[in-house]
Each structure stands twice: as C-alpha cells, then as structure tokens.
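Visitor: I would like to go through this protein with you, one question at a time. Please show me the sequence and the model.

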Amino acid sequence: MMVDSTLAQVGKNLSEAMRILGDGQREPEAGPEKWRFSRTSIPGPLQGDGQDVATILHLVHNLIHDEEEEEDKPSQHRMQNVGEQGHMALLGHSLAAYISVLDRERLRKLTTRILSDTTLWLCRLFRYENGSAYFHEDDRDGLVKVCRLVINARYEEYASEGYAVLSSRQPVIYQSASGRPGLGQHLCSQLGLPLSSLCTVPCNTIFGSQHQMDVALLDKLIKEDIEAGKLPLLLIANAGTPGAGHTDKLARLKDLCDQYSMWLHVEGVNLATLALGQANLATLALGQVTSAIMSATRSDSMTLTPGQWLGLPAVTAVTLYRHEDPALSLAAGLTSSQPVAKLRALPLWLSLQYLGHNGIVLKIRHASALSQQLLQKLKAMASIKTSVEDELSSPVVLFRFSQEMSSVSSGGSVEGYCSGEKEVLDTFNRWLGEQLLQLVPTSGVDVVELEDEGTCVRFSPLLTAAVLGTREENIEDMMEKLSELVPVMCSTMGLRQDFREETHRHSPSLTYIEELSWPGLGAVRYEPQTEGMDESRRKQELEKINSELLKKLQDLDTDIIFSTGPEFGMKEDCIFVGMVTEDVDVSELVDTVANLGRDIEESGRLLENMTEVVRKGILEAELQLQKANEDKLMEEGMLRQLPLVGSVLNWFSPFESSVKGRTFNLAAGSLDSTETTYSTKAQSGRLSLQESPTSSSKKQPGQRLFRRTGAGSDSFSETSSIGPAEETTREASTTSSSSIHPPASPPAPEEDSHTAGVVVPENTQEPSVQAHTQLEDEVASEERQPESPEVEQSGR
C-alpha cells in the first residue's frame, strides 16, 4: 500500500519528538557548548544560524523539567499518562496542519467526511439521536453558541435589529446554585447581557439531594419572570454537579422547559455513563445507565468532554444539539463554512477509531468500577462518612473524616472544641486529601469545598483514571494509607483540648494560639519576661527565643513534627505541633516546651549580662581576696610572715587557716566557698543532674520522647529488654541520686567499718558517698579484712 511520503514523515517526526520529550536520553547533535548557549539565550534574541530539530526538542524538554533540575528533586506534578490513543490524538493535530495545505476541493471532501463520521459516532455512543455536533476548545464556548442560537430563534427581529429587540422582553437564563462557578457570568459577558438576566435557582433543602435544583421553586421563579414581562430563555441543568457529582431531576426539568418553551442544556461528568451498555459485552448491574441520566438524551443540547473521560490530550469538547434551521446554526456560529474549522474534529476522529466502540465503553466502565470499589471499602471504615447520590451507580465518591463528640477528649471539656468544630474538621479533611494525593498520586483525589458538607475528599475517576492510569491496586494502596492516617487524625483530634489546657496551665510562660486552619495538635508560643522593654525590642526577643526553641524541638528524638505553621498563615513567632499518635503524653510534651524555652531565655540573658556580671564579679573578688589576705595575716601573725622564721614555726607548729577558697559562679554572678567542692564533691553531682534530661529517668531503652509507658507501642516493647540485675542496679542508682543535698559540715571519722553506715550523723555525707561506704562496709564485714578502715577512708 502506497503512503504519502509527506504523511509518513509527519508520523516519523511525531514519534521521534515524543521519544525525545519523553525520556530526553538522546544528546543533541550540536556540541554541549552550543547547547548551553542556545538554552541560556532564551528568551534572548533569535540566533543567526538555525538549529536542528533534535536540539530544539531537547530545549523544549529542558524547559518542561527546568523546575525539577533547579530544585534537584522530582516534580510533585504528575504528567498525563499518554498511551497509544494519546499518540493518535497528538498525531491528529499534526495531520490537521498537513491537511490544511491541500487543494480546496480535496480539503472540503475530507473535512466533511471527518465531521460527519465523528458526529455520527458520538450521537450513537451517547444515545443522542438526530443530533449535530459543535467542536470547541473552551468547554464553555458550546453553551455560548447555543445561547446565541436560542436568542436568534426566540427573537425574530434579532438578525436585523440586534440587541435593541432584547429591551422589549429581557431574556432570562436559569442555572443551578450547584452549577459550575462563573459559568453564568461568562455567558452574560460573551452575549452582552446584563447580570440581571441571570437567575440562580436554589437547591433542595428538605427533600431529595441538597445539590439538586429545586424544581418547584424554579417553576415559581419562571412564573414571576413572565409576569414581570421577561422571557425565560434557557435552563442549564447538571448531570453530575462540579462539586458533589449529583444529577438534577432532568425528566421534570424537561417537562417544565417544554411547558414554557425553554431550551434545556445539560452538562456534567455523569453524561459519560450514557455510553455504558452500548458495547457487545455481558451486561452487568454495575455501570448500567440510571433513568436520571437517560433523561439527558431528551435535552436540547449537551456538552461532552471525551478527552478527559478517555485520556486523550488536547482533544476538543463537543456540544451535541438538535435544531432544524441550519441558517440559525450558522448565524450562531455552531457551524462554519470554512473547511479548516472542521479539522478540529480530526484528533477525536483518529482516537475514536483507535479505541473502537468497545474500548471506549470499557474505559468508562472501568472508571465506574473504581468508584464502586472505593465506596464499598469506605463504608466499612470507622470515622469516615461518605456522601454519594446513588450508591449503586454513582461515578463520583465523596468522603470526609468525621469524629463523634463523645470521643473528643478523655480529660478535657468539650465546650472549647465545639466552637470551632466545623473549621477544625474542614482543616483535617483538607490535610487528608493532600496526604492521599501525595502518597498515592495515581488515585487522582482532590479536595472540594461544599456549602453543607464542608471540606470533602472527592474521587472522580471519570475525570482522572484514564489520564493517570488508575487501577484496582491503586484503590487498595489508597485504603491502606487511609487506614494509617485516620487513627492519627482521631488521636490528634482527641488530644487537642488536652493540649490547650496543658498550655494554659503553664501561663504566662506559654500562650495557646487558636489556629483552626492548622491540621495538628495545636500552636503554642513561649512568652519571655519583657518588662521594661520597648515594643520593637520585645518583638525581637520573642522571635529569637521561639525560633531557637523550634530548632531544639526539631532536634529531639521524636516522631512529632514541629514547624512554623502554614505557608500563608497569619500567626507569627509560633510553634505548630503536627499530628500525634494516641500514646503521646501531652503533659510531658508541654512541660518540655516550657522548660526548653525557659533554658533558652536564661541562657540568652546570661550571655547578654555576661560583661556586667564578670565586671562586678571581678571587683567583688578583688575585695574578697584583699579581705582574705588581711584575715590570713591577722591569724598567722607577724612572725610567720618572715621567710626563715615562718618556715621553722610552720614545721614545729603547723597552722591550719580558717580562710577558705572561693569559686566564681558565672550563672549567679557571685563568689561561693570551695568547701563544698573539696569536701563532698556535691558540685559535680549537681552538674551531672542538671545536664541530664528531666525525662531520662522515666524513659526506657527503645522508647522515644513524649510516649506514655505501656500505651501499646510495639517498637518500645521490642527494644526494652533489661535484665533483673540491671533493673536492680538502676533502681539503686536512681534512689541514691534522686535526693542530693550538700552536707552541712565535714564528715566525722568513723570508729569501725562495721558501724560506719550507722554512726555517721544525718546529712553529714552525700548520699552517693554514703551508699558507697555502706557497700564497702558489707564487703569488709564478710571478708573480715583488717585494712577496711583504710579502704573506707580512701573511698571517702
């Protein structure tokens, strides 16, 4: 079979371009220096010498992935999964440009065939008999052209008089309150109509779905407009609302439109299910077309988006309509006499032939099956509520995290939480949707804001499955991640009130920050003592301490995430605590925050006052040393100051001075006696106690910070393997070091090793020294060693 050489070259170039843009493995034929120059010259002046195709395609590839290379990490944005049918759609765009250069007669025949074939296939596929098709890039453009068609049909003088005829009877366009946002305003701006021509119909609030148009109220509004001298022109109904995926009562709406001679236009994702049951496949209960969706085939026009449903890139939307006057259709712009305009259907024409009738139905049926699979699993999960219109065939699944008030907090009051319950739940559900999309990108879930339900997570595979390649295993992965996230959200929700109360308990050192848009335990701010400071200095001190406190908290060995809060949050100089598990000890967590903040504040003040403290300390030390020298001179006398006489006197009669040494305490800025240091070594014991964390005595090996003992932590139970002997030794050491007091006087000499632990007066020995002496006494009593007194003295 002979193939046009130019046509074959188009296909070859497209395949080569897709390969280069897909992997970018081929190096450009030009040298690397020229490649770097050509890349950095964008958007500079056009180069004098032309570049080859490979170099230009590599430039496009690098521009696409430029953000990833700068950040040195993969992009979070997932590109569309372009399969074979996607390649056919891309080939259609290349062929459209090639066909446009044919001679006029051949171009006319070819475009007429393409347009008629595509229209026939779509009308049969979606059960829209005797319809015409308009292909458009903007999915709103079809509705704009339909409105012009209706205006031309209802106003006979419109073609000659223009907008002047509209002043006699103002046209009215009705839309649902659950419709696409901004659609009505777009229509008015494109048609040159005032916004008063747009009427928004509320949805049901008592009977039926809360997202369906209130038919009785619509009837009332139409009658009022007719009595006011207006002309009801067109009604926009939904077969799958943009938010919840609900379908209006299309049968009743069609009857109402026929009664008042109005045009009914239907749009929505659920129109894709009209194709179900059309293939030569075994009929299943799953995926059958409901009567509500079937009523859409009676509408005067409907807008379809097959590119989204079938995963076809850059494929136009289609508006199917019924009208008998081709002249009015031409005046409205629904048909064109230009053959090139008809080539917009070429990519869809190629893709539909590639997939075939059965392939199209299988893709839509697969998306519906994914929705049912997820819905059945969500219904069995606690703390998850679903909101779907028809559980047997709904292609859109809405779910949200919801926790009963009885399980909010075990120890705190519920009143403080109730005030912001809805805002907190919305925040948690927003976080849940973002986490699911990040953990399972192929799921295609997104977050929607609904007026009645609040923030929900939406799964609409008809819009995402074909593009992302979603499979059944992806639903299993999403449920697995959901089962991990929900318990964490429940525990965090239950501990929020406890965190608030514990923070208030540390007032005024800690301040609880009410931030309902934060998905976590809460926010806290450490408040330093700033008496006498001006506002700017106080703000600097606050920012400095909380910034350093955040760094210290982030360095702790814990699973809790501490951060500066939302990227666009209004609260500043705060520490935001993320999600926590149920075994977290909130009291210990808040205590640690307060203690670390206090240490940072004291350290900062110590550094700030160091110069003054050292200066005053040196002056005081000089006075103390001078006084000590004078006292020593008075005690020793004048004879001992003579070099030779003093040595002889000290030899025959040693003199013990009562003047003690001094140590300079930088923290307190004072001079202390060294008697305690040399006699009982209490200072070293005090330092070791201060350096150890306050919670270290409570933690066992393998247990992370802020975890309650015996709270069901598997990792803790596996790693805590301490033998009985080790536990006894640890208990003894803990007991001996738990109450350290400096001695009131030097220790008195003992008479016998057997009574050393008894005759020592109370508070005359350090407990650690006392325990050591008792251990030596027990060994001495067993072995009956005569040199035990010397051992005791040396140990002391």
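Visitor: Which residues does His-186 touch, not counting residues up to four places away in sequence?
Guide: This is a predicted model, in which local features need pLDDT of at least 70 and side-chain atom pairs count only at pLDDT 80 or more, while totals for chains, interfaces and linings use all residues. Residues are numbered from 1 along each chain as its sequence is written, and side-chain values use heavy atoms, with hydrogens and water left out. Contact means heavy atoms within 4.5 Å. With residues up to four places away in sequence set aside, His-186 touches Arg-140 and Val-144.

Visitor: Is His-186 buried or exposed?
Guide: His-186 lies in helix H9, residues 183–191, where helices (H or I, at least four residues) and strands (E, at least two) are DSSP runs numbered from the N terminus. Buried means under 20% relative accessible area, exposed over 50% and partly exposed in between, with a 1.4 Å probe and protein chains only. Because its relative accessible area is 14%, His-186 is buried.

Visitor: And how is Glu-484 classed, buried, partly exposed or exposed?
Guide: Glu-484 belongs to helix H20, residues 472–505. Since its relative accessible area is 45%, Glu-484 is partly exposed.

Visitor: What share of the residues of the protein count as buried?
Guide: The protein has 31 helices and 17 strands. Among its 796 residues, the share that count as buried is 42%.

Visitor: What percentage of the contacts with a separation of 6 or more come from residues 24 or more positions apart?
Guide: The percentage concerns contacts in the protein with a separation of 6 or more. Of these, residues 24 or more positions apart account for 69%.
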